[in-house]
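Below are some questions and answers on one protein chain. Please look at the sequence and the structure before reading on.

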Amino acid sequence: MSKKLYVGNLNYSTTEDTLKAQFSNYGELLSVSVIKDRYTQQSKGFGFVEMADDSAAEKAIAELNGREIDGRKVRVNVAEDRQRPPRGPREDGGGRQRPGFGRDRGFSHRNSRQEESNG
């Protein structure tokens, strides 16, 4: 059975190829990913490695946790499976207009300017 590992405290310059080279010494890799900021594409300093065999994953954790990769001592452990909460409307109805902010003030700036120029 496969096991997904969390790899933290990565140097921002560490690439997926670097992780592949480090972890492939311990067994077959199913996937490797370095998590990046969606706007800047800069590494967020952590990633995930999925290994095909549980015993290989445990050996990788034992030998790589605390080891220096690209000048940083990395943290390697079993990744926790986190479920993201569904993205839907906020409970407070987020985005609705609040009284006093918007068009419900009872007058329009456009109308008040016209009245000043006509008056």
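**Strand pairing, charges and backbone**

Q: Which residue of β3 does valine 7 stand opposite?
A: The model is a predicted one. In it, β1 and β3 are joined by 6 bridges and run antiparallel. Within β3, the residue opposite valine 7 is glycine 47.

Q: Which residue in β6 is the bridge partner of tyrosine 6?
A: β1 covers residues 3–8, and β6 covers residues 75–78. The two strands pair in the antiparallel sense over 4 bridges. In β6, tyrosine 6 has as its bridge partner asparagine 77.

Q: In what order do the elements of the protein chain run from the N terminus on?
A: The secondary structure of the protein chain consists of 3 helices and 6 strands. Read from the N terminus, the order is β-α-β-β-α-β-β-β-α.

Q: Over how many bridges do β2 and β3 pair?
A: β2 spans 29–36 and β3 spans 43–51. Leucine 29 stands opposite methionine 51 in β3. The sense of the pairing is antiparallel, and the number of bridges is 6.

Q: Which residue in the turn of the hairpin formed by β2 and β3 has a positive phi?
A: The hairpin has 6 residues between β2 and β3. In that turn, a phi of about 65 degrees belongs to glutamine 41.

Q: How far apart are the closest N and O atoms in the salt bridge of lysine 3 with glutamate 58?
A: A salt bridge requires a side-chain nitrogen of Lys or Arg within 4 Å of a carboxyl oxygen of Asp or Glu. By this rule the count comes to 1 salt bridge. Lysine 3 forms a salt bridge with glutamate 58, and the closest N and O atoms are apart by 2.7 Å.

Q: How many residues apart are lysine 3 and glutamate 58?
A: Lysine 3 belongs to strand β1, whereas glutamate 58 belongs to helix α2, residues 54–64.

Q: Why is lysine 3 classed as buried while glutamate 58 is partly exposed?
A: Buried means under 20% relative accessible area, and partly exposed lies between that and the exposed class, which is over 50%. Lysine 3 is buried because its relative accessible area is 18%. Glutamate 58 is partly exposed because its relative accessible area is 38%.

Q: What share of the residues of the protein chain count as buried?
A: The protein chain has 119 residues. Lysine 3 is one that is buried. The buried share of the chain is 22%.

Q: Where is asparagine 9 found?
A: Asparagine 9 is not a glycine, yet its phi is positive, near 65 degrees. At 33% relative accessibility, asparagine 9 counts as partly exposed. Its place is the loop between β1 and α1 (16–23).

Q: What is the phi of aspartate 70?
A: Aspartate 70 sits in the loop between β4 (68–69) and β5 (72–73). With 38% relative accessibility, aspartate 70 counts as partly exposed. Although aspartate 70 is not a glycine, its phi is positive, at about 50 degrees.

Key: Residues numbered from 1 in each chain as written. Predicted model: local features only at pLDDT ≥ 70, side-chain atom pairs only at ≥ 80, totals over all residues. Heavy atoms only, no water. Pairing = 2+ DSSP bridges. Buried < 20%, exposed > 50% of the residue type's maximum accessible area, 1.4 Å probe, protein only.
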